[in-house]
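Work through the exercises below with the sequence and the coordinates open. Each task is followed by a solution in steps.

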Amino acid sequence: QRVDVTQLVLDTVDKEVAPLLPLLTGKEEASPMVMLMVKMKVRGMLGRVVPPAKASIFAIGMAKLFVLEIGPLLTALLLCGRIGGSYAGEVATMQATFQNKLLTTLGLSPRRWTFLPGI
């Protein structure tokens, strides 16, 4: 549902600006022609001001979305990569120094030996 504030602003102009126009013009009351011109100017200003305001509100919402939703996701992915790399390095070192064969010779599972303390 779209929110249109144009009519609300024009009603406010009728209530608030119309009584001020006689003070500016020096006449008894504001003429309909002057009020029409004021309303046209206000409509033009709303056409220029409201779309950028909506865009900035949308941008703020997207920034909050990235911080609140995507920030923890990226943190979790980086943490998983770091932990996985640590395990991979440990397993590679054990393989290069023949610790896996030693554990197998002793009757122990190299997988249990490596991953059980991490759990």
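Buried means under 20% relative accessible area, exposed over 50%, and partly exposed in between (1.4 Å probe, protein chains only). Helices (H or I, at least four residues) and strands (E, at least two) are DSSP runs, numbered from the N terminus. This is a predicted model, in which local features need pLDDT of at least 70 and side-chain atom pairs count only at pLDDT 80 or more, while totals for chains, interfaces and linings use all residues. Residues are numbered from 1 along each chain as its sequence is written, and side-chain values use heavy atoms, with hydrogens and water left out.

**Exercise 1. Find the two sides of helix α1 and say what covers the buried one.**

Step 1. List the buried residues of α1: T6, L10 and V13. They lie on the same side of α1, because they cover an arc of only 55° around the axis. The arc is that of the directions from the helix axis to the C-beta atoms.

Step 2. Turn to the face away from the buried side, where the exposed residues L8, K15 and E16 are found.

Step 3. Look for the cover: α3 is included in what lies over the buried residues of α1. Contact means heavy atoms within 4.5 Å. Beyond its neighbours within four places in sequence, V13 is in contact with A18, M35, V38 and V42.

**Exercise 2. Which residues make up the largest nonpolar core, and which element gives the most to this core?**

Step 1. Apply the rule: a nonpolar core is a set of buried Ala, Val, Leu, Ile, Met, Phe, Trp, Tyr and Cys residues joined through side-chain atoms within 4.5 Å.

Step 2. The largest such core has seven residues, namely L10, V13, L21, A30, M35, V42 and L46. Two or more residues come from each of α1 and α3, and α3 gives the most, with three residues.

Step 3. Take M35 as one member. M35 sits in helix α3 and is buried, at 10% relative accessibility. Leaving aside neighbours within four places in sequence, M35 is in contact with V13, D14, A18, L21 and A30.

**Exercise 3. Locate the salt bridge and classify the exposure of its partners.**

Step 1. A salt bridge is a side-chain nitrogen of Lys or Arg within 4 Å of a carboxyl oxygen of Asp or Glu. The count by this rule is one salt bridge.

Step 2. The partners are K39 and D14, at 3.1 Å from N to O. They link distant parts of the chain, 25 residues apart: K39 is in helix α3 and D14 in helix α1 (residues 6-16).

Step 3. K39 is partly exposed, at 25% relative accessibility, and D14 is also partly exposed, at 33%.
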